Amino acid sequence: MSGRPDGARGPADGLRAHAAGLRERAERLRGACEALDWKGPQADAFRARVEELALRCGRAAEGLALSAAELDGGPDRPERRGRYFMR
């Protein structure tokens with residue numbers, strides 16, 4: 001819940017929702033790729049590319065979650081976890 005009187009989500013909530021969506025899509029990509037009955041060098045290259053994209057989605061989701069924590073000012077803020085956060 002955003003705590004806003006109109007029930008609208010705040011920016012941090014939106015970032016968290018996008019992060020969750022990216023994580024879900026990464027897992028769907030992986031699952032769909034695993035389900036393929038395709039073998040050979042082209043299949044291996046395709047699977048490697050899909051895994052690379054899924055990893056990038058995961059990294060982007062982490063960045064969005066960290067940004068949401070920064071907006072919230074909560075304990076997961078990057079500087080409180082020993083990470084450097086550029087402004």
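A patch is made of residues with over 30% relative accessible area and no salt bridge; like charges are joined within 9 Å, and nonpolar side chains (Val, Leu, Ile, Met, Phe, Trp, Tyr) within 5 Å. Keep that rule in mind for the first stop.

Before you start: this is a predicted model, where local features need pLDDT of at least 70, side-chain atom pairs count only at pLDDT 80 or more, and totals for chains, interfaces and linings use all residues. Residues are numbered from 1 along each chain as its sequence is written, and side-chain values use heavy atoms, with hydrogens and water left out.

**Stop 1: the nonpolar patch**

Select Leu-36, Trp-38 and Phe-46. They make a nonpolar surface patch of about 260 Å². Accessible areas come from the Shrake-Rupley method with a 1.4 Å probe; for residues, only the protein chains shown count as cover. Leu-36 sits in the loop between α1 and α2. Its relative accessible area is 37%, so Leu-36 is partly exposed (buried means under 20%, exposed over 50%, partly exposed in between; 1.4 Å probe, protein chains only). Trp-38 is partly exposed too, at 35%. Phe-46 is partly exposed at 37%.

Now keep Trp-38 and Phe-46 and show their rings. Rings of Phe, Tyr and Trp (its six-membered ring) pair if their centres lie within 6.5 Å; planes under 30 degrees apart count as stacked, over 60 as edge-to-face and the rest as tilted. The count is 1 aromatic pair. That pair is Trp-38 with Phe-46: tilted, 5.5 Å centre to centre, with 50 degrees between the planes.

**Stop 2: helix α2**

Select residues 41–72. This is helix α2, with 32 residues. Helices (H or I, at least four residues) and strands (E, at least two) are DSSP runs, numbered from the N terminus. From first C-alpha to last, α2 reaches 47 Å, close to the 46 Å expected at 1.5 Å a residue. The expected span is 1.5 Å times one less than the number of residues.

Colour the buried residues of α2; among them are Ala-43, Val-50, Ala-54, Cys-57 and Ala-61. Further along, Leu-66, Ala-68, Ala-69 and Glu-70 are also buried. What do the buried residues of α2 pack against? They pack against α1 (11–35), where contact means heavy atoms within 4.5 Å. Step past the end of α2 to Gly-73, whose phi is positive, near 70 degrees.

**Stop 3: helix α1**

Select residues 11–35, which are α1. This helix has 25 residues and reaches 36 Å from its first C-alpha to its last, close to the 36 Å expected. Its buried residues are Ala-12, Gly-14, Ala-19, Gly-21, Ala-26, Arg-30 and Cys-33. The cover over the buried residues of α1 includes α2.

**Stop 4: salt bridges**

The structure holds 7 salt bridges (a side-chain nitrogen of Lys or Arg within 4 Å of a carboxyl oxygen of Asp or Glu).

Select Asp-13, Arg-16 and Asp-72, which are linked in a network of salt bridges. Arg-16 meets Asp-13 with the closest N and O atoms 2.9 Å apart. These two are 3 residues apart in α1, so about one helical turn separates them. Arg-16 also bridges to Asp-72, at 2.7 Å between the closest N and O atoms. Asp-72 lies in α2 and Arg-16 in α1, so the pair ties together parts that are 56 residues apart in sequence. Arg-16 is partly exposed at 35%, and Asp-72 is partly exposed at 48%.

Arg-49 is partly exposed at 39%, and Glu-52 is partly exposed at 39%.
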